Amino acid sequence: MTISLSSHPAAPSAARPVEPDLFKQIFRSYPGGVVVVTADSGAGPAGFTATSLTSVSLEPPLVSFGIAKGSSSWPHLERADSVVVNFLGSAQEDLARRFATSGIDRFAAPTRWHRLPQGEPVLDGVAGWLRLTVEQFVPAGDAHIVVARVAEAWQAEDPRPLLFRNGAYLSL
């Protein structure tokens, strides 16, 4: 059975743009896994909290995530050849908040982290991580979409993910 959007009673008119507040409201109610993306382009470690991680391809293994053009981490990420996606566990809300806060040294104590053999910063105690090589930056509105190839992966036993929905952190 095919349903036409125009026949749906809540379908928007093609002439009306979606209001930013409605757009944010819809996505705020959709839960997302919480990750921290870390990189070091030679100027020291940088990182940010994201909920936009998406699996793109299995062969080759590709993922994507978004970063705002105005983010303080964007200049570091733009120059990095590789990044790490740190999957946060249910007890790591403090890390999510720290890496979502502007104007602070996100890697200072109490953040615990180390470097992988290739030099990328990785957070200690996370539920898992992916080491990625950057393939492409795609400009998209007020953000960039980063497409990256998975080069290495690690996952803790029985990881319990941290989720974000409607402005609040949740766990399963």
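Over how many bridges do S9 and strand S10 pair, and in which sense? S9 and S10 (residues 143-155) pair over 12 bridges in the antiparallel sense; strands are DSSP runs of E with at least two residues, numbered from the N terminus, and two strands pair if DSSP finds at least two bridges between them. This is a predicted model, in which local features need pLDDT of at least 70, side-chain atom pairs count only at pLDDT 80 or more, and totals for chains, interfaces and linings use all residues. Residues are numbered from 1 along each chain as its sequence is written, and side-chain values use heavy atoms, with hydrogens and water left out.

**Sheet**
- An open sheet of seven strands runs in the order S3-S2-S6-S9-S10-S5-S4, with antiparallel pairing.
- Strand S3 (46-50) and strand S4 (54-57) are the edge strands, each pairing on one side only.
- Phe137 has Val146 in S10 as its bridge partner.

**Arg131**
- Arg131 lies in strand S9 (residues 128-140).
- Its relative accessible area is 12%, so Arg131 is buried (under 20% relative accessible area, 1.4 Å probe, protein chains only).
- Residues that Arg131 touches, not counting those up to four places away in sequence, include Val83, Leu116, Arg149 and Glu152 (contact means heavy atoms within 4.5 Å).

**Confidence**
- The average pLDDT of the chain is 90, and 91% of the residues score at least 70; pLDDT is the predictor's confidence in each residue, from 0 to 100.
- Residues 1-8 have pLDDT below 50, and this stretch has two contacts in the model beyond near neighbours in sequence.
- Where pLDDT is low, the predicted coordinates should not be read in detail.

How values were computed: Helix = DSSP H or I, 4+ residues; strand = E, 2+ residues; numbered from the N terminus. Buried < 20%, exposed > 50% of the residue type's maximum accessible area, 1.4 Å probe, protein only.
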